[in-house]
Amino acid sequence: MSNTMYNKMWHQTQEALGALLDKEPQKMVEPQRNQGFIFQTLATFYIKYVQIFRNLENVYDQIVHPQKRILIRKVLDGVMGRILELKNEMVELELTEFHYFDDILQDLKLAPQQLDIPIPKYFLKEKLEVIKGREKILAQILADSGIDTSEMVWRRFHQCKKTEKLREEEMIFLGMNPPPLFNEVSATVIQAEKVDRLRNEVQMKHEEDYREALVTIKNDLKLIEGLDIKENLQDQIRHWFIECRNLTGTFPDYPDIEEGGSAIIFSNKTIQQVIEDIIANQEEEEKNEKKKKKKKEKQPKKTKRQKKGTKEKNKEEDEKWKMSPSLFLPAMKEGCNAYKEIWMNKDESWNFSQDFDPELIKEEKRKELESEIRVQVDELMRQELKNLKLAVDREREHPAKVGKKKKKKGKKGKKKEKKTKKDKDLTADRTIESLYKELVEEGLLIQALKVNLSDYIGEYSYLGTTLRQVSIEPMPSLLDVRQLITLYGIWPLGSAAVHEKAPLVKSLLLAGPSGVGKKMLVHAICTETGANLFNLSSSNIAGKYPGKNGLQMMLHAVFKVARQLQPSVVWIEDTEKTFYKKVPNAEKTNEPKRLKRHLPQILKLLKPDDRILIVGTTRRPFDAELQPFCRVYQKIILVPRPDYASRYVLWKQIIERNGGVLTSALNVSCLAKVTDGFTQGHIVKVVKAVLTDQRIRRQIHKPLTAVEFITAITSMDPVYKEEEESFKNWYAKTPLGKKRALAITGGSAEKAKDKGKRKEKKEKKAKKKK
C-alpha cells in the first residue's frame, strides 16, 4: 500500500469519526428508561468506534508524515479512551463484563472478526530500545547471580535447538529431507516484509528531521522576527493602558504571572475586541449589583412540601439513565477540527516523499516564540505601568493586597511539606538500578515469557444474544476473555494518555480451572506492553524479607521500581492463598496471608498516572474470604474451559504449529466433540506427546488420525461440569454477580447495594458479639 492509499484511508476514517462525533451528543443527551434501547445505542457506538480504531491504528503505524502522525496519535488515544468509557457504561447497564452483539453486527453487516481489538504497535515500537536494554540487564543479573532457576531450562532449550539443527543438516545431506529453499516463502511475502521495514526506516528518518527542524526553524524565527514581535507586543499593551484610562478614568491592573500575564487579555483578540470587552465588563458589573439588590428583597422561604416535591422529582430523574460525561470527546473533537482546518483540503502535490511541512512548524513556533517574548515584555510593561501611575495618576501600590497573597502562598507551601512527610522514602539513599538488581536476585522481578495475545487461540460466541433472549446466561468464549485483557490490561498499560483519563482499573483477577491459560495471559500483557513483571505470589515471597519491617521494605522496593520503570505488572499466582478462610497446616510456615492487610492500602496509593496493574490468578477462588478478596480485585474475569468451536480451532492450530499435517484422515470435528471438558493445557500436552520427530516424518506414509490423540488424552482428568458450576456459583456471590442475579430476577442494582450493606452491618454486629 502506497502513501496515497494510507492518506486516503486516513481521510475516510476522519470523515467517519466526524460523523460519529456529531451523532453521539444527539443520541446521548436525552434521559432514557428503556434498557434494551440504551444498550443498542451504546453497543452501536462501541462497534463503530472499534472500526474507526482499527483503521486509525493501521494508518498511524504506516503513515510517514511526522506532523500527520502527531494528530493521528492524539485522535487514536482519544478513540481508545472513548471505547473504554462506552465499555464501562455497558458493564454498569448490563451488570456483566461480557456483552454480545450478534444482532447489531448483522444490522451493520459486519463479521465478528471485525470486533477484534488490535493492540497498537506503537506500544512496543516507540520504546523498543528501552525494552531491549532492560532485557539485557535482566539477563546479565540472572547470569551473574548464579541462582537463576530458569538457566538450566534455557541451556537445555539452546542445546535442543543445536541438536535439531545438526539433525536437520544430516537429513538434508542424506537426501531424506528437502533442501532449505525447497519450501521457500513466496516472493510477494518477502517483498511485503521489505516494504514494511523500509517504511519504518523512512518514518524514523522523517521523525528525526522534524525534531531537528523544530529547533532550527525556531532559532531562525528568533533572529528574523524576534524584535518585531517584541515591539508589536509593547505597542499593543501601551494602547491598552491608554484606552482603559480613557474609558474608565484609571489605568488597569496588570495581570500576574500566575494568571498568565497579558496573554489572558490579548489571547486571539484585536485591540478593538479588548476595548469592547472592557465596556461589556463595566455594564455587567452594574447589572449584577442591581440583580443582587432585587434578590435580597424577594426571597420566599421553601415550605416542607416544596422540598419533598423537589426530592421526588430528583428521584424520578435518577431512575432515567443518562450518559456520563466523557473525558475523551473534547480531545477527539479538537483533533477533528485540526484535521478540517489543516489537512482536509490541503494541497500536498509538492510533498511526494511526505516529509515535514516547514510552514506548519513556523506557525507553531511563532506562537511559542511570542509567548516566550511576552514574558519578558510583561516584566518591562509592568514597570512602565508603575511609572505611568506614579507620574500621571499619582497612585501608589497597595502593599496590603500583596501581603495577603504572599500569606496564602505560604499556607500552600506548608501543606505541601506535610504531604511529603507522610510518604517516607525508605530507600532515599539508593539508586533505582541497585533496587532493580536486588529484586531480580530475590526472584521478585522475573523475566516474562515471550507470548503474544494472538497466541491465545479461541473462537467467537455466535449465539450470545439469542441465548440471553431466552434467559440462558452463556459462558464467555475465549475471545471474549482475550478482548477484556486488551481493554482492562494492555491498553491502559500501553498508553499513558489513556490510563490517566479512562475508567481506572488498578487490579484484575483471572479465575478459572487449571490449564485454561491464566498464566499465559499475564505474560501476554507484559509482552504486548513491554511491562516489568513482579511476582508477589505467596509461595514466591515465603521466607523473603522476614518480619514486619522486612515486608514493608519489600513492598516499598517493588512499588518504587514499578513506578519508576512503568508500565509494570504485579502478579500474585494462586492469590486465593493470600485470603485463605483457613490456612492448611502444611502451609502455615509459609505465611500465605502476609499481603492480605497491605494490598488494599497499596491500591489506595495507586494514582491514575501510575501505570501499574495488580493481576491475580486463581483456580480455587472458593477457598478465599469473599469480601476482602473482592475488595482487592476490581475486575473479576472468569476464564472458562474452551467450548466446541474453540476446541476445534485449538486442535487445528496446535497440531499445525507442532509440525502436524491436516488431512481428510484426521477428523478434527470428532476430536473436538470427544474432548469436551479438556483445556488448552491438555490439548498442548497431548499434541506434543503424539507428534514426536519420528511420527512427524512418518506422516507422508501414515497420515494422522483422531484415535492417536484420543488414546493419549484418556489418561488425563477433564474439567467436570461440577467444577464449572462451582465457578459459576462463586461468581454469582461477587459484587457484580450479585447485582446481575438481582437484576435478572426483577430487582435493581440499588437494591443489591442495599442488601450488601445490610449484610455487612449484620456480619460486623455478629463479630462484635463474639
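Buried here means under 20% relative accessible area, exposed means over 50%, and partly exposed is in between, with a 1.4 Å probe and protein chains only.

A word on what we are looking at. This is a predicted model, where local features need pLDDT of at least 70, side-chain atom pairs count only at pLDDT 80 or more, and totals for chains, interfaces and linings use all residues. Residues are numbered from 1 along each chain as its sequence is written, and side-chain values use heavy atoms, with hydrogens and water left out.

Back to R647. Its salt-bridge partner is D676, with 3.4 Å between the closest N and O atoms. By salt bridge I mean a side-chain nitrogen of Lys or Arg within 4 Å of a carboxyl oxygen of Asp or Glu. The pair links distant parts of the chain, 29 residues apart: R647 sits in helix 24 (residues 644–657), and D676 in the loop between helix 25 (668–674) and helix 26 (680–690). Helices (H or I, at least four residues) and strands (E, at least two) are DSSP runs, numbered from the N terminus. D676 is partly exposed, with a relative accessible area of 42%.

How many salt bridges does a search of the whole structure find? The count is 36. In general, side chains of opposite charge can pair when their charged atoms come close.

Here is another of these pairs. D61 and K125 meet through their side chains in a salt bridge, 2.7 Å from N to O. D61 belongs to helix 2 (residues 35–62) and K125 to helix 5 (residues 122–125), so the pair ties together parts that are 64 residues apart in sequence. D61 is buried, at 8% relative accessible area, while K125 is partly exposed, at 32%.

Next, K519 and E573 form a salt bridge, and their closest N and O atoms are 3.5 Å apart. K519 is in helix 19 (residues 518–529) and E573 in strand 4 (residues 568–573), so to speak two distant parts of the chain, 54 residues apart. K519 is partly exposed, with a relative accessible area of 44%, and E573 is partly exposed as well, with 23%.

E573 also turns up around T617, a residue of strand 5 (residues 612–618). Is T617 buried or exposed? T617 is buried, with a relative accessible area of 5%. Not counting residues up to four places away in sequence, T617 touches several residues, among them L509, K518, V522, W571 and E573. Touching, or contact, means heavy atoms within 4.5 Å.

Now a pair of helices. The axes of helix 6 (residues 128–145) and helix 15 (residues 432–441) come within 10 Å and cross at roughly 55°. That makes helix 6 oblique to helix 15; angles under 35 degrees count as roughly parallel, over 145 as roughly antiparallel, 65 to 115 as roughly perpendicular, and the rest as oblique. Axes are lines fitted to C-alpha atoms, for helices over the stretch in contact, and angles run from 0 to 180 degrees between N-to-C directions. Helix 6 contributes R134, I137, L138, I141, L142 and S145 to the contact, and helix 15 contributes Y436, K437, V440 and E441.

Last, T692, in the loop between helix 26 and helix 27 (693–697). T692 is partly exposed, with a relative accessible area of 37%. T692 and G660 are 32 residues apart in sequence and 9.8 Å apart in space, C-alpha to C-alpha.
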